[in-house]
Amino acid sequence: MKAHRPTWLFDGSDIPDPFGYGERAVGFLRRLQHPKSETGGLDLPLFWERIARRIYGPAYPDGRRQVRTAFIMLPRGARKTTVGASLALLHTVGYERTPNGQAMVAASAEEDAALAYDEAVGIIKTTPWLTGAMKLNESTFVLEHKRSGAKFRALASGGKGKLGKTPQFVLADELINWEGQNARKMWSALRTGLNKVAGSLLVVITQAGRGQENLAFDLLQYARKVQAGEIEDPGFLPVLFETEPDADWKDEALWHFVNPGLADGYPDIEGLRQMAREATERPADRDDFRQFHLNCWLDYSASPFVEMSIYDQGNGDVDLEDKEATQEPCWLGVDLSSNSDLTAIVAAWGDPETGYDVVPWFFCPEDNLQRRADRDQVPYPRWAEEGWILATEGNVVDFTAVEDQIRELCARFNVQEIAFDPHLARVMMTSLAEDGYPAVEMRQGWITMSPAIKELERAIVGRRFRHGGHPILRWHFDNIAIQEDKAGNKSFHKGKSRDRIDGAVAAAMAVGRAAHGNSNRSSYDTASDDFEEWAFA
């Protein structure tokens, strides 16, 4: 099986505990109660119990705990937040506390810090012997043990919570999400602060991530070498549940192997099965499944948009003569280029129920066409010769030729709107508007483009997107990488710096406006003003 997990977690082997520190840590955790537990207790799973014993049990002859850093990588749904908050309480009100000491749960975002704090508060309020022992300060995410002065702090880079005094314990939550200068500064401050205190402990609990430009990847590389025995470091405990990139992600035996809680009902096996079915045709969902549920560290930072084999099922011809004869409503999306990119016009006909027919027109500068072909590794000269692309005179795209093409399309078809990103289009939009053409703004930000991208994805996956097999449009769709924010908004990005995606962007604009125009709302008079409002609907 192309997956890895620590063998000592499941083989029943003895875990050294010469001073009983591991036993007393597990005893403390078992005495805690949780508001969502059916039994009332914390319901500590066996694998988490053995992790706790392995962190706190092994010690040197003078009583010093051996482990100073634990790097734990588990898939989503492994109760990381609950156990992390419980370990922090062990250092705040349990056997590992020190007078006036600080136990910190650090996260990348304030909402994640609040989640850790709320988890700890829920445990305290449900555990009778803790309710009177703690003082809560919800405005600063601080819990204080009244008798010893030890504090539990939940903090986020750039958000609520201050580092304060030197910590004795730090739990770094979901290190894969620690991005930006503030996060790195906080990480550095926490690591160096821990080094000031004897017996301090850093526990990193995270899921698998993507790419190599993040804090977690460097630690993962080191953890892999320690777990494999290439590096001997008794102070560093790796607990890695991982799936190799070429593993069969549909194999349920693999799911169980890397999700140690799955046998006990978490995560939900039916939920995994449903996501796996949907992910078969959605590369972004598939990568999310592999990353978050199979703990496969992905080499790239963003996912492909759609399976090109599914996209290719829309290769049937779009009959422009029929569109002209029937005067079916048409929407245009226009992506004007900078010096190096292509300019694209895409026409879309249709609606969310019947699907969409699209036809693109592409423009590029005529000068240095072969050099551009060498740079982008595509046959621009042949495409120009075969009529797939219009090469305009000069070394930049001639916007006059683009505007002339738009006017010709409006004369030929029943164009409802011409959607532009206003960044490069102010002059052209003004020229068209003055002559009565329906030019509207469609900014290419998260809020505006995400609904259009999702509608485009639904159409392609549902086999309701017909594009005639245009080779340049296909190239652009094949180049798309998808990035998604925490709210589920999607945006297009280039997979590589030389990639072009202009036609796909224009297609999303046209399809998005077509979907909006067929929603029984006026798209003529309010298009430029209400699109962002529609995006939230």
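Me: Happy to look at this one with you! What is the order of the strands in the open sheet of three strands?

Reply: A word on the basis: this is a predicted model, in which local features need pLDDT of at least 70, side-chain atom pairs count only at pLDDT 80 or more, and totals for chains, interfaces and linings use all residues. Residues are numbered from 1 along each chain as its sequence is written, and side-chain values use heavy atoms, with hydrogens and water left out. Strands here are DSSP runs of E with at least two residues, and helices are runs of H or I with at least four, numbered from the N terminus; two strands pair if DSSP finds at least two bridges between them. With antiparallel pairing, the order is β11-β19-β20.

Me: Which strands stand at the edges of that sheet?

Reply: An edge strand has a single partner, so one of its sides is left without a neighbour in the sheet. That holds for β11 (303–304) and β20 (490–494).

Me: In β19, which residue is the bridge partner of S303?

Reply: β11 and strand β19 (residues 480–484) pair in the antiparallel sense over two bridges. In β19, the partner of S303 is I482.

Me: At about what angle to β19 does helix α18 run?

Reply: Axes are lines fitted to C-alpha atoms, for helices over the stretch in contact (heavy atoms within 4.5 Å), and angles run from 0 to 180 degrees between N-to-C directions. Helix α18 (residues 471–479) lies across β19 and β20, and its angle to β19 is about 40°.

Me: How many residues in the contact of α1 with α3 are charged?

Reply: The axes of α1 (residues 21–31) and α3 (residues 80–90) come within 10 Å and cross at roughly 115°. A25, F28 and L29 of α1 meet S86, L87, L89 and L90 of α3. Ala, Val, Leu, Ile, Met, Phe, Trp, Tyr, Cys and Pro count as nonpolar, Asp, Glu, Lys and Arg as charged, and the others, Gly among them, as polar. The contact has six nonpolar residues and one polar, while the charged ones number none: no charged.

Me: Is T92 buried or exposed?

Reply: T92 is found in the loop between α3 and β3 (102–107). Not counting residues up to four places away in sequence, T92 touches several residues, including R97, M134, H145 and F152. The cut-offs are under 20% relative accessible area for buried and over 50% for exposed, with partly exposed in between (1.4 Å probe, protein chains only). T92 has a relative accessible area of 0%, so T92 is buried.
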